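Visitor: I would like to go through a structure by question and answer. Please show the sequence and the coordinates before we start.

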Amino acid sequence: MHRLLPRSLGGQLAVLLICGLLAAHLVSAYVFSGERDRAVAATVRYDVVERIAALVEIIDGTTPETAARLAGALSNRRTRFSIDPDSALPSGAMGTVETGFARQLASILSLGPNLLRVRVEEAEPDGDALRRSGPKRQDGHHWREWRSLTNIAVSVPLQDGRWLNATASLRAPSPEWSWSWIFTLAVSALVILTIVALVVGRITRPIRALATAAEKVGRGETVEPIPPRGPAEIRTTVEAFNAMEERLTRFVRDRTRMVAAISHDLRTPVTSLRIRAEFIDDDELKTDVIRILDELQAMAEATLAFVRDESSGEETRTVDLAALIEGIVEDQQTLGRDASYRGPERLPWRCRPVSLKRAITNLVENAIRYAGSVCIDLSDDGGEARIVVEDDGPGIPEAQLDDVFEPFVRLEASRNRSTGGVGLGLSIARSIARAHGGDLKLANRRDGGLAATLSLP
């Protein structure tokens with residue numbers, strides 16, 4: 001059932017209102033059809049009663065011969081009158097419908113209802129019987145008793161002792177569908193759809209703006225505060241998002257400044273210690289101390305460089321990923337390294353090209369450092385750019401594939417012991433990928449080597 005419903009808010013609301021409108025029209029049609037049947041039945045019944053009452057008043061003031069001629073003249077195919085010395089109906093108890101008919105006729109003739117004799121014959125069950133349902137009357141009986149009447153016989157006593165016997169065939173016409181009902185339904189549906197389009201457009205416009213801004217924040221972009229518009233609930237949500245985005249930006253900015261300050265301040269004591277290390281007499285000890293201080297200084301410089309890139313606030317723009325990667329490959333080839341590219345000639349994509357180039361370069365340099373060669377594969381995987389950096393090196397143990405993303409972690413036992421760097425390359429690359437709303441994952445290749453997959457939404 002859910003698969004048949006539209007996915008948009010406007011579509012679901014329109015379907016809901018149209019179904020409600022159709023149900024209301026069907027219920028009203030059923031109810032008014034019952035009212036129509038009651039009106040028709042009451043009209044037919046009243047017509048028979050009036051004709052009998054009028055004939056009784058005329059006959060009571062005429063001679064028997066004239067009365068007989070009047071009865072014959074007023075008879076037709078559906079109603080027949082005759083004047084007889086005896087009643088055509090036997091005396092006895094009458095049903096509820098028959099008693100009601102007798103009371104109505106007796107009130108007009110100023111007679112007691114018990115003096116009249118009425119008999120009602122219901123129709124035999126047939127196809128029309130399916131339409132004999134309806135609401136109940138005040139006496140508890142269904143109106144189908146009148147709709148299903150086939151014949152009604154009445155005997156009325158006259159002043160001269162004779163009886164006026166009348167028989168009438170009553171049939172309520174079958175209900176018919178009206179084009180006006182269908183036209184009313186169509187016009188109502190059109191009005192509802194127009195109102196839904198206007199109201200839903202007003203409601204969903206700020207929601208779409210909120211979704212776009214949330215997507216940009218997820219990619220690390222800077223967004224302007226969204227103007228609160230629409231209903232109170234939507235305005236509250238937009239204001240909460242604006243406050244969250246402002247707090248998140250301030251939090252990241254403060255932490256970045258703190259790390260930058262620490263990295264910057266570390267350079268002074270490291271430089272001071274290096275100068276003091278030059279006065280150590282033990283050459284072996286001096287070499288070890290200077291090496292450790294160089295590593296510490298390299299860590300501080302790398303951290304500071306990363307923080308500076310993060311705080312630069314690079315704007316997102318559309319670039320050709322294929323051209324960007326080919327430029328990296330050409331740079332490596334210029335340095336005499338074995339690098340190749342495999343992918344489309346052009347692939348426009350929205351990203352922050354400077355930081356993305358740094359992430360890809362880190363992956364490429366790691367691959368060349370540990371394997372000696374690298375191949376970069378670019379593809380568009382259903383709206384997601386996939387950049388796969390492959391090498392033919394020794395790979396990484398499966399249990400440590402996630403550990404290498406931690407800052408300053410170097411798996412010398414599994415890779416080449418003569419490597420440089422301070423263990424921030426993969427951390428920086430994954431941070432850049434996630435800042436774009438994507439991710440960076442490592443996997444060992446089946447035929448040997450490592451594959452680093454950087455995905456961009």
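**Strands, helices and their contacts**

Guide: Leaving aside neighbours within four places in sequence, T453 is in contact with R386, I387, V388, D439, L440 and K441. The model is a predicted one.

Visitor: Is T453 buried or exposed?

Guide: T453 is placed in strand β11. Buried means under 20% relative accessible area. T453 has 18% relative accessibility, so the residue counts as buried.

Visitor: What does the secondary structure of the protein chain come to?

Guide: The chain has 457 residues, and buried residues make up 36% of them. Among contacts between residues at least 6 apart in sequence, 65% join residues at least 24 apart. The secondary structure comes to ten helices and eleven strands.

Visitor: In what order do the five strands of the open sheet stand?

Guide: The edge strands are β6 (338–342) and β10 (439–444), each of which pairs on one side only. Neighbouring strands of the sheet are turned by 15° against each other on average, direction ignored. The pairing is mixed, and the order is β6-β8-β9-β11-β10.

Visitor: How many bridges join strand β8 to strand β9?

Guide: β8 and β9 form a hairpin with four residues between them, and G382 in the turn has a positive phi of about 60°. S379 stands opposite R386 in β9, and D380 has A385 as its bridge partner. Strand β8 (residues 373–380) and strand β9 (residues 385–390) run antiparallel, and the number of bridges joining them is six.

Visitor: Which residue in β11 stands opposite A385?

Guide: A385 lies in strand β9. β9 and β11 pair in the antiparallel sense over six bridges. The residue in β11 that stands opposite A385 is L456.

Visitor: How far apart in space are A385 and P457, C-alpha to C-alpha?

Guide: Leaving aside neighbours within four places in sequence, A385 is in contact with L321, W349, S379, L454, S455 and L456. A385 and P457 are 72 residues apart in sequence; in space, C-alpha to C-alpha, they are 6.4 Å apart.

Visitor: What is the make-up by class of the contact of α8 with α9?

Guide: The crossing of α8 and α9 is right-handed. The contact is made by L321, L324, I325, I328, D331 and Q332 of α8, with P353, L356, K357, I360, T361, V364, E365 and I368 of α9. By class, these are nine nonpolar, two polar and three charged residues.

Visitor: How far apart are the axes of α9 and α10?

Guide: S355, L356, R358, A359, N362, L363 and N366 in α9 meet G425, L426, I428, A429 and I432 in α10. The residues of this contact divide into seven nonpolar, four polar and one charged. The crossing of α9 and α10 is left-handed. The two helices pack at an angle of about 145°, with their axes apart by 9 Å.

Visitor: Is R430 buried or exposed?

Guide: R430 is found in helix α10, which lies across β10 and β11 and runs at about 130° to β10. Not counting residues up to four places away in sequence, R430 touches F405, D439 and L440. With 18% relative accessibility, R430 counts as buried.

Key: Residues are numbered from 1 along each chain as its sequence is written. This is a predicted model: local features need pLDDT of at least 70, side-chain atom pairs count only at pLDDT 80 or more; totals for chains, interfaces and linings use all residues. Side-chain values use heavy atoms; hydrogens and water are left out. Two strands pair if DSSP finds at least two bridges between them. Axes are lines fitted to C-alpha atoms, for helices over the stretch in contact, and angles run from 0 to 180 degrees between N-to-C directions. Contact means heavy atoms within 4.5 Å. Buried means under 20% relative accessible area, exposed over 50%, partly exposed in between (1.4 Å probe, protein chains only). A crossing is left-handed if the near helix is turned anticlockwise from the far one by less than a right angle, and right-handed if clockwise. Ala, Val, Leu, Ile, Met, Phe, Trp, Tyr, Cys and Pro count as nonpolar, Asp, Glu, Lys and Arg as charged, and the others, Gly among them, as polar.
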